[in-house]
Structure formats: C-alpha cells, structure tokens
Amino acid sequence: MALRTTVAGISSPEDLAQALTAAMYLADDGIATAGYLSLALGKPLLLEGAPGVGKTEAAKAIAGILGRQLIRLQCFEGIDASAALYEWNYPRQMLAIRQAREGETLDIYRDDFLIERPMLTALRRPESTVLLIDEIDRSDHEFEAFLLEFLSDFSISIPERGTLRAPERPVVVLTSNRTRELHEALRRRCVYHYIAYPEPEREAQIIMLRSSAVAEGTARAVVHAVGLLRQEPLAKPPGVAEAVDWAEAATALAQSGAPWPEAFRRSLGTAIKDEEDLAHLRPRLPLFIPGLAA
C-alpha cells in the first residue's frame, strides 16, 4: 500500500490541525495525528468517546477541509446490508418487466434499478465522498462482521453484478460511544483515537470559536458548570455541543435583560435534556451556578 504523503495539501498532523481550526473544529495533537495517519495510510479512522465530545463533528470537519460530501450511515440495532449497502428497486423492476415488449432482452439488474446506500456510494465515488459510519456500537455483531470485508479491501459482492472494488481507498470515519466492546478484527483495520472531554481551557476556546457572540467570562462559567455536572450521576451528562448551546442560550437571555445567574438557570434545558437529571439537579443548582442562591 502506497503512502499518501499529501492529501488535499495536508502533509503533516500540524497541517491538519490548522485546517480543522479553520473549519471551526479545535483539534488537539492526538486527533490531528490520528486523522492525518488515517488519510496518509488510507485506513479508516475509529473515534471512540462519550456522547457529545465531538466525534461526528470531526468527521464533518474532515469532509469540509477535503471538499467532499459527507455520506452518513447511522447505525442502529438490527441494521443490515440492505440499509447500509444497496437494495434493488423491485417495483421498478416489475413495472419494466410488464412493459417490456415480447422478445425484448431486459436487464433488470442495471444501475437504473439499483438503490445506492451510503457504503456503496462511498465505494463508487471515493474521490468525492467521506463515509461516516456513526455509532457503530449500536449495531449488532453480525453487521460489524459484515463491515470487515468492506474495511479490509474496500470491495463488496453483489450477487447479480459480481464484485465491486473502489478505484481508490475511500476516506472512512467510524464513531463509537463505547456502549459495547467492538471486535478486535474491526479495531485492527483502523487508526484508533479516543476523544475525552477537553480540558477546561480548551473547552472554553471551543465555545468561543463556535460562537463569536459568547464572551470569555460566559464561556469559562459554562465550562466550570459542565465540569461539575459531568461528575454527577446523570443519565445524559452534557457534552461539548451542549456546553456551546448553553453558553449561546444564556448569552441570548442576558441580552434580552435577564440577570446572569437567572440566564444560566433558565437555559439549563439546552445542557441537560433528561427530566430525571433535571429533577436531581434543581435543588442543587446554586452549587453549579455561582450567584444563583443570592
């Protein structure tokens, strides 16, 4: 396998980090290095971490800096090859058969009757797409095993058409929330990186990068609060995206005249999105929002 030393003008992890920042994604050295190696080696990038740490956003940013279309395959329990790869348009096939003239040769397995799903789209147009296989841990072990052939040599077998192979290695990003352990064979095929919650300083920078209307003091107050909230026994602790939303929502309320402690309290629903979590936190909000008790 040939090493691709430069991809879309990116020749180092530092180049990728700068490009991601320009695409409004603040990457640390770990994700920039893993992303660059994935592109250079032509291997899938596997990103694991808690929900809301920026795994899907990383895939979107990579697609953006490469100037490619992001093709998203959202995994779920029971997903199968027809949902991920392709299926035949049976109604159109039957209509074509009924309308065919007597003696006419009809190929009902040509492209006209083929419905592309995300994996086949990426396989046939690797130069213009980035394939995101989102939340692979939500799929079944059978689907995970099905992926192995695709991720090994980027080819698939269609019984009616034979084997289709990608003309070049597609860019593939897989994400996992670690709700179950992934198979070792899948991990071996990927460049792996675990995304943890960012350090407070970096998270404040992310908030201000994603929303220019948020002041530094507001960003730091939100980062302090979500850091404490993540230590609570919550069903759905706030991720980075929720921290950005909370900072923006509190800023909007403050600009409409609400005092800051109340602006933070009234916009809590942008950060905490589970009623049991909210019920657990309501009597203790002054611990997380300075000045609220006064």
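These legends accompany close-up views of a predicted model.

**View 1. Helix α10 and its packing partners.**
Helix α10 covers residues 216–229, 14 residues in total. From its first C-alpha to its last, α10 reaches 20 Å, close to the 20 Å expected at 1.5 Å a residue. Its buried residues are T218, A219, V222, V223, A225, V226 and L229. These buried residues pack against α9 (200–210), α11 (240–255), α12 (260–266), α13 (275–281) and α14 (285–288).

E201 and R220 form a salt bridge, with the closest N and O atoms 3.0 Å apart. E201 lies in helix α9 and R220 in helix α10, so the pair ties together parts that are 19 residues apart in sequence. E201 counts as partly exposed at 41% relative accessibility. R220 is also partly exposed, with a relative accessible area of 36%.

**View 2. L26 in the loop between α1 and α2.**
The loop holding L26 runs between α1 (13–22) and α2 (29–41). L26 has a relative accessible area of 21% and is partly exposed. Buried would require under 20%. Leaving aside residues up to four places away in sequence, L26 touches T21, R202, Q205, I206 and L209. For scale, take L26 and I97: the two are 71 residues apart in sequence. In space, their C-alpha atoms are 55 Å apart.

The side chains of R72 and D134 meet in a salt bridge, at 2.7 Å from N to O. R72 sits in strand β2 (residues 69–74) and D134 in strand β5 (residues 129–134), so the pair ties together parts that are 62 residues apart in sequence. R72 is partly exposed, at 43% relative accessibility. D134, by contrast, is buried, at 2% relative accessibility.

E275 and R282 meet through their side chains in a salt bridge of 3.3 Å, N to O. R282 counts as partly exposed, at 46% relative accessibility. Elsewhere, salt bridges that share partners join D111, E116, R124, R125 and R161 into one network. With a side-chain nitrogen of Lys or Arg required within 4 Å of a carboxyl oxygen of Asp or Glu, the count for the model comes to 21 salt bridges.

Notes. Residues are numbered from 1 along each chain as its sequence is written. This is a predicted model: local features need pLDDT of at least 70, side-chain atom pairs count only at pLDDT 80 or more; totals for chains, interfaces and linings use all residues. Side-chain values use heavy atoms; hydrogens and water are left out. Helices (H or I, at least four residues) and strands (E, at least two) are DSSP runs, numbered from the N terminus. The expected span of a helix is 1.5 Å times one less than its number of residues. Buried means under 20% relative accessible area, exposed over 50%, partly exposed in between (1.4 Å probe, protein chains only). Contact means heavy atoms within 4.5 Å.
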